[in-house]
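Subject: Handover of a structure

Dear colleague,

Please find the structure below, together with its sequence.

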Amino acid sequence: MSKDKDQNNQEESLKDNLENTIDQAIEDVESAEEQSENVEELSVEEKLREEVEKEKDKFLRLFAEFENYKRRTSKERIELFKTASKDVMVSMLPVLDDFDRAMVEIEKTEDKNLLEGVQLISNKLRETLKNKGLEPMQIKAGDSFDADLHEAITQIPAPDKKLKGKIVDVVEKGYTLGEKIIRYPKVVTGK
């Protein structure tokens, strides 16, 4: 009977071991499934993070591109206003020259009312253009000639040794609009 008992004990122990092994295998499979689900969840989460990062990058690039567009169009608009006013100013320069010539001739007459009226109109026009940025270049006889700032139309023998290489006469005034020269003064230099 002891053999039977031993055999029963062995069988029970084998059954217990088998059951434990089966239980352990089931637990291993379940834990592997949970881990794969976690891995899938992690990879889904990682994929979502990557997609969010890509979208963030796209958004930042689009935002930077839009900022550049705004800056560029703003700059172009300012340039357009400058060139539009430049065209108007350049077309007004002959009128200013005519006023200068008229003033010289009117000063020769004795009609002071005519002189005063033309001076008022001339001053009003000049002030209006000055407020828009137009400034005459201040050049006079005796100033040094600078090829970057002046346009020499002719050279004459210098009436004085001090005027050699300098401006002898200003034939046409030069004007600046803002800081840019829109018409170079035409000058006569001494040699």
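**Findings**

D97 is placed in helix α1 (helices are DSSP runs of H or I with at least four residues, strands are runs of E with at least two, and both are numbered from the N terminus). Please note that this is a predicted model, in which local features need pLDDT of at least 70 and side-chain atom pairs count only at pLDDT 80 or more, while totals for chains, interfaces and linings use all residues. Residues are numbered from 1 along each chain as its sequence is written, and side-chain values use heavy atoms, with hydrogens and water left out.

**The surroundings of D97**

With a relative accessible area of 10%, D97 is buried (buried means under 20% relative accessible area, exposed over 50% and partly exposed in between, with a 1.4 Å probe and protein chains only). Apart from neighbours within four places in sequence, D97 is in contact with E172 and R183, where contact means heavy atoms within 4.5 Å.

**Nonpolar cores**

The largest nonpolar core has 14 residues (such a core is a set of buried Ala, Val, Leu, Ile, Met, Phe, Trp, Tyr and Cys residues joined through side-chain atoms within 4.5 Å). Among the residues with the most contacts inside this core are M89, L93, L96 and Y175. At least two core residues come from each of α1 (2–108), α2 (112–131) and β4 (175–177). Helix α1 gives the most, with 6 residues. A second, separate core of 5 residues includes I139, I167, I181 and V187.

**Salt bridges**

The structure holds 12 salt bridges, each being a side-chain nitrogen of Lys or Arg within 4 Å of a carboxyl oxygen of Asp or Glu. Three of them are described here.

- D100 forms a salt bridge with R126, with the closest N and O atoms 2.3 Å apart. D100 lies in helix α1 and R126 in helix α2, so the pair ties together parts that are 26 residues apart in sequence. D100 is partly exposed at 24% relative accessible area, and R126 is partly exposed at 22%.
- D98 forms a salt bridge with R101, the closest N and O atoms being 2.6 Å apart. D98 and R101 both lie in helix α1, 3 residues apart, or about one turn of the helix. D98 is partly exposed at 43%, whereas R101 is exposed at 52%.
- K108 forms a salt bridge with E105, and here the closest N and O atoms are 3.3 Å apart. K108 and E105 are 3 residues apart in helix α1, so about one helical turn separates them. K108 is exposed at 61%, while E105 is partly exposed at 45%.

**Aromatic pairs**

The count comes to 2 aromatic pairs (rings of Phe, Tyr and Trp, the last by its six-membered ring, pair if their centres lie within 6.5 Å; planes under 30 degrees apart count as stacked, over 60 as edge-to-face and the rest as tilted). One of them is the stacked pair of F59 and F63, at 6.3 Å centre to centre and 25° between the planes. F59 and F63 are 4 residues apart in helix α1, so about one helical turn separates them. F59 is exposed at 55%, and F63 is partly exposed at 44%.

With kind regards
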